[in-house]
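User: I would like to learn how to read a pocket and a ligand site in a model. Please take me through one case.

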Amino acid sequence: MSSPMIQRHTNTGIFMHWFNAGCWLFLLATGLGLLQNPDLQPLGAWYPGLLRAVFGGGDGLLGAHIAVALLWLAVWAGYYLRFAGRYAVPFLVSIFTLDPRRDLQWIVKKNFQMTLGYKMMARLVRPLGWDGRLPEQEYYNAGQKLAAQVMVLGSLVLAVSGLILAASSWIIDTPNVPWVQWSITIHYLAAGLTFAIVLVHIYMAAIAKEERPALWSMFNGQVPAAYAEHHHKLWYDKLSK
Ligand code: HEM
């Protein structure tokens with residue numbers, strides 16, 4: 001018998017997620033194309049050349065990167081202003097509320113379980129005094145919370161350093177002032193670190209089979225109750241009450 005469905009995401013949440021993902025992937029692709037230094041270019045010299053051809057030169061490429069970044073920021077600012085109390089703040093509270101013992105245990109066990117299987121995980125964690133079961137999780141599991149924290153903070157750092165860089169090419173006369181130089185380094189570091197986490201996020205969400213119901217929920221908003229009970233028991237229990 002198929003499990004009844006329960007609501008996991010609102011239409012607004014789904015729209016913001018895919019809008020965010022689309023902007024992110026565009027900004028990453030164009031940002032990589034802006035790196036002309038062959039020592040820093042991971043894809044080879046053909047890539048910046050190709051993007052410059054597509055966008056009508058370096059200025060066009062930079063213009064497209066900044067335009068999408070400003071659109072992304074404006075939509076997020078509007079979302080926070082309009083939905084702060086209803087969605088945005090509860091989301092931030094849920095990803096920044098940690099239960100260190102439970103979350104650490106889940107992360108250690110989950111890594112062993114995914115790479116070595118349940119049996120080996122149970123054997124490896126026994127010396128720590130833990131049993132072979134994954135601790136029950138809330139609306140987001142510990143891995144999702146950590147990933148979301150890095151994505152939110154990384155995006156914030158990218159936005160601030162990006163605004164400084166945009167201002168340096170348009171408003172500030174001397175692009176060589178130290179804080180503009182620092183913004184370049186910080187912008188690259190934040191992009192690299194956040195993208196590393198986004199890759200793990202995409203793998204877990206789109207490729208890992210056991211998370212498939214969560215992937216569909218990012219389109220139709222719902223997950224099977226059995227999935228919620230198994231993966232997010234604390235959230236499921238709260239809903240059942
Ligand atoms: C093709 C790319 C992507 C796929 C397939 C994907 C998939 C998903 C799925 C399935 C969820 C729901 C997880 C759940 O309900 O438990 C989710 C949530 C989330 N994703 Fe993505 N994602 C992608 C790109 C991104 C990017 C680029 C970012 C940010 C830089 C991002 C940030 C988030 C955040 C913060 C959440 C939690 C918030 C929420 O539930 O709305 N995702 N993603």
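User: Which residues lie nearest the centre of the second largest pocket, and how many line it?

Analyst: This is a predicted model. A pocket is read through the residues that have an atom within 4 Å of one of its points. Here 33 residues line the second largest pocket, and Gly-31, Leu-34, His-65, His-187 and Tyr-188 lie nearest its centre. Its volume is about 1100 Å³.

User: Which helix gives the largest share of that lining?

Analyst: Helix 6 does, with eight residues. At least two lining residues come from each of helix 1 (11-34), helix 3, helix 6 (142-170) and helix 7 (178-207). By class, the lining of this pocket has 24 nonpolar residues, nine polar and no charged.

User: Which residues are closest to the ligand?

Analyst: A residue counts as near a molecule if one of its heavy atoms lies within 4 Å of it. The ligand is surrounded by 20 residues, with Arg-8, His-17, Tyr-140, Gln-144 and His-201 the closest. The shell has 13 nonpolar, six polar and one charged residues. Helix 1, helix 6, helix 7 and helix 8 (212-220) each supply at least two of its residues.

User: What lies 2.7 Å from a nitrogen atom of the ligand?

Analyst: A polar side-chain atom of His-17. For oxygen atoms of the ligand, Tyr-140 has a polar side-chain atom at 2.6 Å, and Gln-144 has one at 2.7 Å.

User: Is Leu-70 buried, exposed or partly exposed?

Analyst: Leu-70, in helix 3 (residues 58-96), counts as partly exposed because its relative accessibility is 39%.

Technical notes:
Residues are numbered from 1 along each chain as its sequence is written. This is a predicted model: local features need pLDDT of at least 70, side-chain atom pairs count only at pLDDT 80 or more; totals for chains, interfaces and linings use all residues. Side-chain values use heavy atoms; hydrogens and water are left out. Helices (H or I, at least four residues) and strands (E, at least two) are DSSP runs, numbered from the N terminus. Buried means under 20% relative accessible area, exposed over 50%, partly exposed in between (1.4 Å probe, protein chains only). On a 1 Å grid over the protein atoms alone, a cavity is a set of points where a 1.4 Å probe fits but cannot get out, and a pocket is an open set with protein on both sides within 12 Å along at least five of seven lines; lining residues have an atom within 4 Å of a point. Grid points are joined across faces, edges and corners, and a volume is the space filled by probe spheres set on the points. Ala, Val, Leu, Ile, Met, Phe, Trp, Tyr, Cys and Pro count as nonpolar, Asp, Glu, Lys and Arg as charged, and the others, Gly among them, as polar. A polar contact is a pair of N or O atoms within 3.5 Å; within protein, one must be able to donate a hydrogen and the other to accept it, and residues adjacent in sequence count only if both atoms are side-chain atoms.
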